[in-house]
Each structure stands twice: as C-alpha cells, then as structure tokens.
Amino acid sequence: MAPLVATPASAEEIAVTLVGNFQDELGCPGEWDPSCESTMMGDADGDGTCEFTTDQLPTGSYEFKVAHDGGWDENYGVDGKAGGANYNLSVNSGDQVEFTYDSATRIVQVAGTSDSIAGVGQSQAQWISADTIALPRDLGRGERYALYASDDAGLSLDGEEISGARPIELKPNIGGLTEQQKKKFPHLANYHTVRAELTREETTAALRSQLALARFEDQGEATKLTAFTGVQIPGVIDELYSRGLEKVKLGVSFTGKAPTFRLWAPTARQATLLVSDENQKTSRHAANYDKANGVWTAKGKPQFTEAKYRWEVQVFVPETGKIETNIVTDPYSVALTTNSAQSVAVNLEDPKHQPKLWRKAQAKDVQKDVDRSIYELQIRDFSISDSTVPQDQRGRYGAFGADGAGSKQLKELSEAGLTTVHLLPTFDIASIEEDENQRVETGCELESLPAASSKQQECVNAHADEDGFNWGYDPFHFMAPEGSYATNPEGAQRVEEFRGMVGSLHGMGLEVVLDQVFNHTAASGQSDQSVLDQIVPGYYHRLDATGRVETSTCCQNLATEHVAAQKLMVDSLVVWAKDYKVDGFRFVLMGHHSRETMEAAREALDELTPRRDGVDGKSIYLYGEGWNFGEVADNARFYQATQGQLNGTGIGTFNDRLRDAVHGGSPVESSSTFRQGFGTGLGTDPNGNDVNGSTEEALKDLGHETDLVRLGLAGNLADYQFLTSAGTVQRGDEMDYRGAAAGYASQPGEVINYVDAHDNETLYDLTVFKLPRDTSMDDRVRMNTLSQATVMYSQAVPFWHAGTELLRSISVDRNSYNSGDWFNRIDFSGQVNTFGSGLPPKAENGEKWDLMAPLLEDPELKPDAQAMSQAEGAALDLLRTRREVGLLRLGSADLIEQKVSFPLSGPSAQPGIIVMHIDDTVCADADSEHDGALVVFNASPEDHSQTVAELAGHDYALAKALEEGSDERVKSTSFDSASGTLTIPARTAAVLVAAEN
C-alpha cells in the first residue's frame with residue numbers, strides 16, 4: 001500500500017529526520033532509521049525551513065530522503081513526492097554538507113559538496129540495448145564516456161585513476177532515448193544515452209565481466225573524471241536472448257526415461273550439473289552452452305531420474321564485486337528435498353506419481369465466470385486443530401481427503417452452491433521449517449489464559465519464526481509444492497500428496513485456485529534463499545535508479561517485465577494447470593505486473609486443450625490485486641495490470657469500493673477503526689464515535705456509500721449508470737472513490753466482490769469495532785449475513801474468507817500472517833468461536849491494544865455455538881439463492897445495462913435501503929425460470945416498507961431457497977402486488993422472484 005499523503009504541517013508540528021545509508025556514519029545505530037535523533041533536522045527560527053549540517057561523511061555516494069515524526073508513514077523523496085525516489089548525494093571527505101528542507105514544498109536542497117565523482121558505489125548506468133547505454137543527465141559532467149569491462153573483476157578506482165580494464169569508447173547520442181526505447185523504458189525517458197559499438201561476441205563477453213561506466217570532462221589539456229558507476233544489464237540481456245529463449249523448455253524434461261537438464265544463465269562463465277547419489281556422493285557433469293539463448297544443457301542418464309541435483313554457476317556478482325562460484329537449486333524445480341536443499345528430477349508424467357482420484361475426479365462445470373463463488377482457505381488452518389482428522393494429516397494436504405470437520409464443511413458448502421476453493425500459497429515457501437522435528441511450537445497452556453491477556457501473543461511470538469505456521473507469501477521455488485504440508489517433504493512425495501488434495505477437492509465438486517506470488521522473492525543477492533539472483537545476478541529483480549533492489553511489495557521485487565522473469569511466471573502457471581489440474585490463479589499485487597505479462601499468461605493457458613494436455617486452459621480463471629502503488633505506480637515502468645486497465649482480458653480484480661462502502665473507512669487506515677459503513681450501521685445505527693460526524697454528516701456519507709454498494713451489486717461497471725444520492729444520473733466512472741473513478745470494469749467477470757479476506761481483520765472482528773457495543777449477538781449475526789449478501793447477491797464474482805460463515809474471529813488481529821495456529825485456528829464443527837483468544841500480536845496491533853482489550857474480554861461479544869449455527873445457516877441460504885436465481889449471474893455488461901435498475905435510489909432514498917430490480921422481460925431471456933428478481937437490503941435496525949409503483953401488478957415471492965431456509969425473519973419479507981409495496985425486515989437481505997410467464 002502506498003504511503004498516505006498527509007496535510008502539510010509547519011516545522012513546529014513535525015519532527016523531520018534525514019534518513020539514508022549515511023546515518024551510521026553520523027551516530028545512528030544503523031541505516032534508514034527514521035527514529036534516529038542524530039540526523040534530525042532543526043528549524044531554529046520557526047520559518048518552516050529545516051536544516052542539518054555535517055562534515056563527517058566519508059568520501060562516497062549516498063542515498064537519502066526525509067521522514068516525518070520518527071516513522072515511515074510520511075516520507076518524501078525527489079521533487080517532494082510522498083514515498084518518492086531517494087535523493088542521490090556524492091561527497092568527498094571533509095565536505096561540509098548543508099541539507100535544507102522546505103516543509104511546504106517537501107523538497108530538500110543540498111549545498112557544500114565539493115567536486116566529487118558521481119555514482120561511485122552505485123549502478124546508475126543502464127545498458128538497455130546492444131548499442132545503447134542510458135544514464136541520468138546529471139550524473140557527472142563532460143562529453144567523453146567510456147565503458148570498462150573487467151574479465152577478472154579487477155576494476156578499481158584510486159582517486160581519479162581507473163585500473164583493471166581498458167576503456168571502450170562510448171559516443172553520445174543526440175536527443176536521448178528513441179521513441180521506441182521510451183515506450184519500452186518509460187522511467188528512463190529523460191535519461192541521456194551513449195552509443196556502444198560492439199559486436200555481439202564483445203557484448204556477451206562484457207556481460208560476463210565486471211562493468212562500469214565513466215564520464216569525463218575536458219578541462220583544457222587535462223581530463224577530469226566526473227562520474228564512475230556500475231551498469232544495470234537486464235535491457236540488453238533481453239534484446240540478445242529473448243527470441244532464442246522463447247520456446248526452450250527449462251528445468252528437467254524427459255525423453256523416454258532419460259532426463260535433460262537446462263538452466264538459463266547467459267552471464268555465467270561456466271555452469272556444471274551436480275548430481276547426488278543415495279550416499280550423498282556428488283558427481284559433476286559438464287553442460288553445453290547455447291550462445292543464441294543463454295541456456296546451459298546437460299544430458300542425463302536414466303538413473304538420474306528422481307536424483308537430487310543442483311547447479312554450480314560461476315558468475316560475476318555486483319553485490320560482492322567478485323566472480324563467485326554459486327551452488328544453487330534449479331529455479332524450475334518441480335520437486336525438492338527437505339527445506340529445498342536440493343532439486344529432485346521428478347517426471348510429473350510418470351503414472352506412479354498420479355493418484356487415481358486426481359486423474360478421475362472433476363469439479364463442477366462452471367459456465368460463466370460469475371457462476372463462480374470463491375472460498376479462500378489456508379491449508380494449515382483447514383485442519384491443524386481438527387481432532388477429527390488423523391494426527392499425521394493435520395495441517396497437511398492429506399486432510400482434504402480425510403472425513404474431518406473441515407471436509408464435511410466444504411462438502412456442505414459445495415452442495416449449497418460453492419464452486420471454488422482458493423488456497424493461500426502452496427508453492428515452495430521460504431519461511432516454514434519443513435522438518436517437523438526441527439520446528440518449535442508453543443508449549444503454553446493458551447486455553448486457560450484470559451480473553452484479553454497479552455500472554456498468548458507472547459507465547460506465540462516466542463517461536464513465531466520457528467513454528468509450522470506462516471501464510472507463505474515468500475516464494476522460494478515457484479513450480480514445486482510446499483514441503484511442510486506433506487507427510488514427507490522429500491522428492492515426489494509432496495507432488496503426490498498435493499495432487500491427492502486437488503483430487504479430493506475435485507471429488508467434492510470444487511474447483512481449486514492457487515495463490516501466486518510473482519511480484520517478489522524471499523531473498524536476493526547472495527542470500528542462502530536467493531535462487532534467481534545467484535544464477536543471473538542483477539537481472540530478475542526490479543532495480544531502482546542506483547541499482548538497489550526495489551522492495552515496495554514488502555520484499556525483493558521481481559521484474560516480470562523482463563523476458564526470462566515473465567517466462568518463469570508463465571511456465572510456472574502452465575505446470576500447475578497441466579500437471580496438477582488446478583482451475584485458476586490469484587495474483588498477489590498484480591498491479592506490479594504489466595498487462596502484457598498477464599495477457600501472455602492468459603494466452604499460454606488458453607493453448608492447453610483437453611485432448612493434448614488433459615485440461616481446458618480457456619476455462620482457467622485469473623484474478624488478482626489490481627492495486628496501484630510503488631515504483632511502478634501510474635504506469636511508470638509499463639502499462640500495469642491494475643483496476644480499470646484489464647478491460648477486455650477477462651482477468652478479475654478485487655473491488656475495494658464495495659468492501660469499504662460496506663465496512664466504512666478502509667482497512668489500511670488506522671483512523672477508520674470505528675468508522676461505519678452501509679453494513680455496520682452508518683447513519684442508521686450510530687456507534688457514537690466522533691469519526692462518523694453528526695447525524696446529518698453520517699446520513700450524507702451513507703448516501704454515497706450506498707451508491708457504491710449499488711454499483712458493486714451491478715458489477716462495478718464503468719459504464720453502468722443510475723440516479724445517485726447526488727441527485728444526478730451518473731456512470732460508474734463518474735462516481736468518486738477516494739479521488740478515483742469508482743466504476744472501472746468492462747464486464748462483471750472482471751470484478752471480485754468481497755467484504756473480507758485473509759488480509760486485515762475478519763468480517764466479524766470488524767463489526768465488533770464498528771457496530772454499537774450493545775448490539776445483540778442476534779443482530780450481529782444478521783449484519784454479518786447482510787454484508788456477505790452484498791457479495792453473494794451481486795452481478796460480479798463473489799469471494800469469501802474461510803470461516804466467515806461461522807463468524808470467524810482472529811481475536812481482532814489485523815495481520816495474522818505469522819500469528820501462529822492459535823490465532824488463526826478455525827473450528828469447523830461450529831462449537832467454539834476463537835474471539836477472545838488474547839490480545840493479538842503486539843507488532844501489528846499494539847497501538848490499539850487499549851481499544852481491543854475491553855472488547856475481547858466482553859463475553860457478550862463472543863459468539864456461542866447457537867450464533868455460529870445461525871450464521872452458517874444464513875450463509876448456506878445465500879449460496880443456495882445465488883445458485884437458484886440465474887438473474888443474479890447475468891454475466892455480461894450488456895445484459896446488466898439492459899435489465900438491472902435501482903428504482904428507489906437518489907437523494908430521497910430511505911437510508912439503509914437498497915432495492916435492485918432485474919427485469920428479464922426486457923430484451924433476450926436470460927433466466928428460463930424467472931421473469932424478474934428483486935434484491936432488497938435493509939441495513940437499518942427498523943422494518944421498512946417501500947413502494948415501487950412501476951412493479952404494481954407483478955407477482956414477486958421470496959426465492960425458494962429463502963422460503964425454505966433457516967432465517968425466519970427473512971421469511972417475513974413480502975411484496976404486495978396490488979400496490980407494489982415491499983416490506984423488508986430490519987437487518988435483512990433477501991431475493992424475491994417473479995416466475996417465468
């Protein structure tokens with residue numbers, strides 16, 4: 001999530017700190033520390049200009065920015081941009097450097113540096129094609145340039161003397177990047193360029209060397225070195241090798257029983273295959289290099305099948321400045337040993353690794369994307385605390401085949417209409433210990449501790465990085481199943497058990513969607529858990545202007561806009577689709593990928609056919625987080641796969657508009673904890689918190705939030721229009737959502753509607769904060785159901801978090817990614833709710849502990865078995881109703897625009913009331929069972945009657961699933977045909993239908 005921009009404050013109101021990689025030279029305990037007082041700026045005269053002066057910086061190049069109030073929530077970089085790029089600074093020892101910060105413009109000025117050499121210790125030059133190197137216009141001075149390529153990594157700079165390689169003259173280009181280059185590298189559009197006149201052989205040899213670019217200025221008869229910097233190489237690598245690499249099958253492939261091993265390592269000097277036998281004796285096997293595609297190939301013997309192997313790669317590493325010999329696993333590994341120590345050469349087409357159930361079972365046939373209903377689930381959560389599952393299968397793939405409480409729950413949901421289970425990361429995860437004997441689980445008696453105690457989180461945190469729990473958003477190998485979820489992580493066992501899980505879910509009639517994390521890796525550089533960067537250093541990750549790996553996603557950002565990184569992503573998806581028969585993929589932070597990359601994935605999957613590949617690739621559904629932030633924001637590096645930029649692809653994005661309108665506020669804004677929304681009582685059932693404003697202000701806000709819910713119910717389409725609370729007819733893209741267009745989609749299947757997911761608080765926990773404290777448990781259940789109904793009764797694709805139907809709580813934890821089994825457990829038997837399991841971990845929640853404690857210790861807020869059963873029954877009714885009423889799943893923008901209307905919208909709409917009319921007598925018939933449907937919501941605490949005059953004379957009755965359902969109050973929803981009057985009970989969502997005439 002991008003940093004929030006705060007209203008400018010005077011220097012008297014803020015603490016401004018210089019943060020950068022020079023802080024440890026100025027008395028700070030470390031670098032990039034916004035809390036360090038040693039680099040805090042002062043405003044002695046109170047004029048809003050902060051200053052800091054030092055002469056203690058050693059010679060070198062540095063990066064910095066400013067941060068406010070001792071943290072990262074508000075920080076400013078180049079041009080005063082919030083969260084912007086780092087400033088660059090080059091100094092000589094003894095320079096008295098003066099930093100000046102204008103608190104109005106947020107811009108830093110630097111004075112006092114002597115004529116130092118720019119770019120030292122960084123990689124500011126970018127080799128973007130064989131004949132073009134780009135560099136910042138202000139990187140040094142002068143019109144003479146040279147490239148240095150040291151074959152033995154012996155480059156050094158002593159004063160202004162460069163040694164270790166001969167200079168290769170570079171000639172300046174007039175006008176900078178060409179238009180074609182600007183299109184490919186938009187973030188370099190303002191760079192200067194120089195021309196390299198090298199043969200392909202000379203270029204490839206240089207890429208295997210230590211590289212630097214120098215800039216010189218003529219000063220009479222003398223020549224002065226003004227810049228000396230490293231060179232980023234992804235652009236030129238892509239130009240040289242992309243065409244040859246396109247059709248190459250990397251990793252291990254089999255011809256008969258003999259495996260062939262292929263590794264892409266175009267900058268490596270040598271690559272050798274290392275094969276380990278059963279006695280851990282390693283044999284070395286030479287690999288042949290293909291100059292056209294950068295691939296090293298080693299032919300294996302039949303006995304190498306299921307052998308353990310690694311690659312030894314000799315390559316220059318910019319991080320160390322040396323030629324290193326790295327021993328690494330295969331990035332295309334499909335199987336691994338415990339803790340991913342070695343790759344294993346498993347043939348996925350070998351029948352012995354294909355469980356019968358996996359080969360035979362099939363999920364429901366989903367005709368349209370909007371026919372899906374998605375249930376998000378984490379494998380360990382599913383069964384780790386389930387005593388009805390055999391001990392050796394708890395928390396593992398095999399639990400899905402056991403007759404445990406979780407499997408019974410999934411079967412019941414499937415029978416009611418659920419179509420799809422979305423699994424949190426199942427690829428090889430870097431952060432989970434795969435050897436069960438090496439894990440450390442908490443030994444505390446957590447059940448006996450008070451509901452609002454801090455002891456539970458203390459016990460969990462003591463071993464949080466050593467236990468068996470983590471969400472797993474830190475990929476290690478993209479094509480191999482995670483080993484901790486298998487009974488034995490060695491080799492093919494994890495493959496077989498994963499397939500068994502898919503077979504079990506298909507056997508329940510459920511599709512399987514896998515979470516995919518191609519926006520980052522767990523590590524880069526020479527780290528033990530770095531794979532890609534040890535093979536082709538500096539290529540796979542997205543680098544900033546100085547050559548540092550970008551980390552806006554949390555971790556080491558992958559650059560899937562680079563050809564081989566995109567190929568890795570696409571090839572991985574094809575493996576999971578073809579060799580595991582999964583039915584869809586969800587992409588984390590999809591906005592960090594380009595639309596082009598997502599379309600490449602779509603095209604590759606579409607090529608899979610049942611006859612040739614055993615799967616219909618066109619039926620595989622793709623969706624993800626279309627958020628726009630970080631170094632790629634606003635299409636800075638490519639046209640992103642974000643909300644509103646995927647129209648026509650059929651790829652879905654999560655709809656935060658509906659989510660926030662239902663909740664109130666935003667889950668990423670700490671100030672909105674008690675802010676109410678349509679589903680939490682805004683304007684109609686105030687919780688008394690000042691954040692919601694006066695009654696008049698709350699009702700005005702409710703009008704707009706209700707409009708956003710209406711838009712979400714209609715698929716969040718950009719072109720859909722209706723009368724809004726503003727008193728005018730507006731299209732979706734004319735409505736406001738936090739300064740952006742609310743409606744952005746071209747088709748309803750391109751929108752995922754949701755009100756909770758694994759991120760942030762659960763739906764029930766949110767309502768604990770937002771509903772009035774004295775709300776009865778019965779009414780809490782009703783509002784939980786009503787919020788779910790905004791998703792299930794919408795024209796978009798509905799998405800649920802596992803356990804929402806059981807009022808799932810994580811003890812109000814806002815980010816339980818590493819909160820252990822205790823906070824994340826689910827009781828699928830519906831007997832014990834986990835609300836009040838102690839104060840959630842302090843690191844993510846400590847600032848709200850004072851607010852949380854009285855809620856957690858309130859017994860009236862802890863759902864009992866009856867409340868959980870009530871919620872579950874209502875949730876099943878929602879599923880059955882969506883399945884029964886085809887008009888809730890029109891599936892196209894044209895049909896929605898023709899048939900869907902909101903007859904009681906506008907400025908005079910009753911607060912908390914929504915009526916959506918779906919008229920199937922208009923245009924082509926879309927539902928053979930019904931002529932129309934009325935979808936009604938009453939989010940207020942009072943019953944309401946509403947007259948829809950134009951429907952007088954029509955016959956509408958409650959949908960059969962609701963008439964026969966579990967909720968007696970819903971059954972009192974009625975429609976008077978004579979007058980067109982609807983009666984909607986308090987805190988109720990319902991669907992009424994008119995039978996086909």
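1. Surface first. In this predicted model, the accessible surface of the protein comes to about 37,800 Å², and carbon and sulfur atoms account for 45% of that area. On the burial side, 61% of the 997 residues in the protein are buried.

2. Charges next. The protein carries 84 positive and 151 negative charges.

3. Then the overall fold. There are 22 helices and 50 strands in the protein. The radius of gyration is 30 Å, close to the 30 Å that the globule rule gives for 997 residues, so the protein is as compact as a globular protein of that length. If you're setting up a box in your head, the C-alpha atoms fill one of roughly 100 × 80 × 60 Å along the principal axes.

4. On contact order: count the contacts between residues at least 6 apart in sequence, and 72% of them join residues at least 24 apart.

5. You'll find threonine 272 in strand 20, which runs over residues 270-276. Its relative accessible area is 8%, and buried means under 20%, so threonine 272 counts as buried.

6. What does threonine 272 contact, leaving aside its neighbours within four places in sequence? The partners are Arg284, His285, Arg310, Trp311 and Glu312. With the viewer open, show those side chains together with strand 20, the strand that holds threonine 272.

Definitions and conventions:
Residues are numbered from 1 along each chain as its sequence is written. This is a predicted model: local features need pLDDT of at least 70, side-chain atom pairs count only at pLDDT 80 or more; totals for chains, interfaces and linings use all residues. Side-chain values use heavy atoms; hydrogens and water are left out. Helices (H or I, at least four residues) and strands (E, at least two) are DSSP runs, numbered from the N terminus. Buried means under 20% relative accessible area, exposed over 50%, partly exposed in between (1.4 Å probe, protein chains only). Contact means heavy atoms within 4.5 Å. The radius of gyration is taken over C-alpha atoms; the globule rule is 2.2 Å times the number of residues to the power 0.38. Accessible areas come from the Shrake-Rupley method with a 1.4 Å probe; for residues, only the protein chains shown count as cover. Lys and Arg count as positive and Asp and Glu as negative; His and the chain ends are not counted. The place of a charge is taken as NZ of Lys, CZ of Arg, CG of Asp or CD of Glu.
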